[in-house]
Amino acid sequence: MFSGANGCKRVHSIEVEQPLEAERVEHSLLLVKGRLLPKCSSARQLKATLRLRGDRTVEQLTQLSAAGEFKLLFDLDSQEGVGESLCYLELRSCTGVRLISITYKPRNSSYKVQPLYILCQDEQSDREEELRSLIDLNLRLVQCIYAHKLQSAGFPNRTFTLNGSCCPFRSQLTREQALSKSENELWQHFAGEIIACPQWGHQIRLKFVAFVGCTTYDGPGVVASEDTSYANIRRHLRGHAALGGGGLALFGSAHFYAWPRTLSEIGDCVRSTERVDISRLPDESNYRRTYGGVYASTLGAVCHELGHCFDLGHTSEGVMGQGFDYLNRVLTVDQLTEHLPQRLVEGAAAESAAGSATARPRFTKLKLQPGVKLLDNYHNQRRHDSFYFARNCAVNPWPTHRLAQPELDVAEPEPAEIQINWATKEIISDKALRLVELRCNRNSLVAHYEEFHPEAAVHRFSLPASLWDLLAEQRSHYAFVLTTSGDTKRLSCDS
Ligand SMILES: [Zn+2]
Ligand SMILES: [Zn+2]
């Protein structure tokens, strides 16, 4: 008869949410989510031992939530050597034991994301190296979260590949010039400089996530104005951005104070309830006013803006909508549900620079009619942590998009021919359709989507009257089309 150290006589099992054995892990930070079943009246902790190559072991002791749930985060990249390696994870709590073998093979794709740290021409930074390493860690976490969330949506191992470590990028702008520019102007300027630069400009398969080093915050100005609203805090930030689209997602660096520098700090940063002193530091936490809130909202914004670079539109909830503030819930099991104010998510000018030409004002109060399909699945995920990719987002770029495909070093295939047939009110493509979305011109909010199974090989989609009305009569929406070959096209009546 088994018995826990605490005298518990129940026979427990440890359930792990994702079938790690079946999947090869391709990203370096591994998030393991699971629970002890049935509930134990005495066990409060779970011990995890990860055995890496060369018999090196890493141990973690984690608290179980009241429901017996746990989450663990491991760094698989600390292993010697490259290529494929086998790791063993042992989980123990009370009488429950679970052994899992994981194959780790770093992802390789010719389509990658390169992190940059932007310095002005006259800027000296003694913290540059430290900040670049902070950026690397946190982008690996974003990569892990994408993998985790896309796997939850039914698409395993669909995350993006990082091109390498964060590199410094020296801008031609002086610090003063950078600080005088708006968010959109900064995006336009730096996108232009990156394209023009010999090191990066010709690498058409790279997308960039860049952080502006010189961001400043005028805390005393906020205090003097007696207005502590987010909008006013934002007005007192200079050299700041949180904007993604096309090949560049651009951010300021003023919120790094709340970001972890090492793997072991991640949990503490997420849970931190330390109050933000807005006379010194900018708050960006959707009114939580805590370091943990700032970390969740600003890293959540990186996930969101990077989604725009991958061609995602807005959804009313989830990562691409109201939900990006809830990144903390991806990494914790013990946090209470938060009810945050409805956020007005930006409709980025950068998106319009990359896509349809109309400038889009910042977000909307429009409510999405959620697709009926797989609604249960959404609700499930939402119950769990509110930070999820809606079905159309998960289907959208990564599964088929070239950026997410493992290897496509062969010659580029011919681009798809996709057009609207005005007479028959159809979208016609010579490559099979995967997804058609109707997105609002103003804010790219997806009003409706249609998913096509790859095996169905559908080449024509006849637009129902209500959608044709939005596209061709009211002209308030455009169609975003994705084919099974990964080609995308935006079709509107004005193009
Ligand atoms: Zn027990
Ligand atoms: Zn957005």
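Predicted model: local features only at pLDDT ≥ 70, side-chain atom pairs only at ≥ 80, totals over all residues.
Is N286 buried or exposed, and how many C-beta neighbours does N286 have inside 10 Å?

**Figure 1. The loop between α6 and α7 around N286 and R288.** N286 has 21 C-beta neighbours inside 10 Å and therefore counts as buried. This residue belongs to the loop that lies between α6 (266-271) and α7. Its backbone shows a positive phi of about 55°, although N286 is not a glycine. Most residues other than glycine have a negative phi. R288 is found in this loop between α6 and α7 as well. R288 has 20 other C-beta atoms within 10 Å and is buried, because 20 or more such atoms are what the class requires. From R288 to V276 the separation is 12 residues in sequence, and their C-alpha atoms are 9.2 Å apart in space.

**Figure 2. Packing of helix α1 against helix α7.** Two packed helices are described by the angle between their axes and the distance between the axes. Helix α1 spans residues 128-152 and helix α7 spans residues 291-309; they pack at an angle of about 60°, and their axes are 10 Å apart. That angle makes α1 oblique to α7. The crossing of the two helices, α1 and α7, is right-handed. On the α1 side the contact is made by N138, V142 and I145, which meet L299, V302, C303 and L306 of α7. Sorted by class, the contact of α1 with α7 contains 6 nonpolar residues, 1 polar residue and no charged residues.

**Figure 3. Strand β2 and its pairing with β1 and β5.** Strand β1 (residues 13-16) runs antiparallel to β2 and is joined to β2 by 4 bridges. Within this pairing, I14 stands opposite L36 in β2. Strand β5 (residues 69-75) also pairs with β2 in the antiparallel sense, over 7 bridges. Here V32 is the residue opposite L72 in β5. In a regular strand the side chains alternate between the two faces of the sheet.

**Figure 4. The cis peptide bond between L37 and P38.** The peptide bond that leads from L37 to P38 is cis, with omega near -20°. Most peptide bonds are trans. P38 is located in the loop between β2 and β3 (45-51).

**Figure 5. The open sheet of β16, β17 and β20.** The 3 strands of this open sheet follow the order β16-β17-β20, and their pairing is antiparallel. β16 (418-421) and β20 (460-462) stand at the edges with a single partner strand each, so one side of each has no neighbour in the sheet. Neighbouring strands of this sheet are turned against each other by 20° on average, direction ignored. Strand β17 (residues 426-429) pairs with β20 in the antiparallel sense over 3 bridges. F461 in β20 is the bridge partner of I427.

**Figure 6. A457 in the loop between β19 and β20.** A457 lies in the loop between β19 and β20. With 11 C-beta neighbours inside 10 Å, A457 counts as exposed, because the class takes in residues with 12 or fewer. A457 has a positive phi of about 45°, although it is not a glycine.

**Figure 7. The open sheet of β19, β18, β21 and β22.** This open sheet has 4 strands in the order β19-β18-β21-β22, with antiparallel pairing. The edge positions are taken by β19 (446-451) and β22 (488-491), each with a single partner strand, so one side of each is left without a neighbour in the sheet. From one strand to the next the twist averages 15°. Strand β18 (residues 433-440) and strand β21 (residues 477-483) run antiparallel and are joined by 7 bridges. The bridge partner of C440 is H477 in β21.

Figure 8. Of its 495 residues, 45% are buried. Among contacts with a separation of 6 or more, 69% are made by residues 24 or more positions apart.

Conventions. Residues numbered from 1 in each chain as written. Chains lettered and ligands numbered in written order. Pairing = 2+ DSSP bridges. Axes fitted to C-alpha atoms, helices over the stretch in contact; angles between N-to-C directions. Parallel < 35°, antiparallel > 145°, perpendicular 65-115°, else oblique. Left-handed = near helix turned anticlockwise from the far one by under 90°. Contact = placed C-beta atoms within 7 Å. Nonpolar A, V, L, I, M, F, W, Y, C, P; charged D, E, K, R; others polar.
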